[in-house]
Amino acid sequence: MRRSSRLSALICCVALCAAGCTPAVKPDPTYDEAAADRFVPTNYRAADALIAQIGDRVGPGNPLIIATVVNIDALDQSSTLGRLVSEQVSSRFSRAGYHMVEMKFRNSVYVRQNQGELMLTREIKDLAVSHQARAVIVGTYGASEDRVFLNLKVIDPASNVALAAHDYVLPRDTAMKALLRSR
């Protein structure tokens, strides 16, 4: 009996160790969990902050251009994160009555595959004039080990002066790490 109890204990120990080595299967998120995600509302709040700052200087009904939010350490590169932030900010400006010029459909603008509409300061004035845009929204992001720092600005293309600016931080969780990978 003593031998069988040792054998039983050994079997239990091996089973527990094996169970601890088995990777936990994460269940797929539900629609309710996805709806509760704070990523989109956080980007909407950033857009709302910009809209509040520009006030009457660039009122609704004016055409605006948004550039892809880019990596601050490599201004010619973006990621899924940068493209999503740009899309969500553009969406919020559209809902506020601004006429967002969709750059993806313009063949006169160089769009690097998988990078989006990257915009350098020297290009702002030319693009704004050719598309009759009253302002241009630009932005950068930088990632630390556990956070992603974003900066958005609304630029007057005639003077290159920032009419509005907003900084915010996102957690660098598993989803964010996936969005930060350049593709």
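The structure is a predicted model, in which local features require pLDDT of at least 70 and side-chain atom pairs count only at pLDDT 80 or more, while totals for chains, interfaces and linings use all residues. Residues are numbered from 1 along each chain as its sequence is written, and side-chain values use heavy atoms, with hydrogens and water left out.

The protein contains six helices and six strands, where helices (H or I, at least four residues) and strands (E, at least two) are DSSP runs numbered from the N terminus. Along the sequence these elements follow the order α-α-α-β-β-α-β-α-β-β-β-α. Of the 183 residues, 38% are buried, a term that means under 20% relative accessible area with a 1.4 Å probe, protein chains only.

The largest nonpolar core has 30 residues, of which Leu-81, Val-85, Phe-93, Ile-137 and Val-154 touch the most other members; such a core is a set of buried Ala, Val, Leu, Ile, Met, Phe, Trp, Tyr and Cys residues joined through side-chain atoms within 4.5 Å. Helix α3 gives the largest share of this core, six residues. Apart from this core lies another, of ten residues, among them Ala-67, Met-103, Leu-127 and Ile-155.

Val-89 lies in helix α4, which spans residues 80-95, and is counted as buried because its relative accessibility is 1%. Beyond residues up to four places away in sequence, Val-89 touches Asn-43, Ala-47, Ile-66, Ile-137 and Leu-152, contact being defined as heavy atoms within 4.5 Å. The C-alpha atoms of Val-89 and Tyr-44 are separated by 6.1 Å, although these residues are 45 residues apart along the chain.

How values were computed: Buried means under 20% relative accessible area, exposed over 50%, partly exposed in between (1.4 Å probe, protein chains only).
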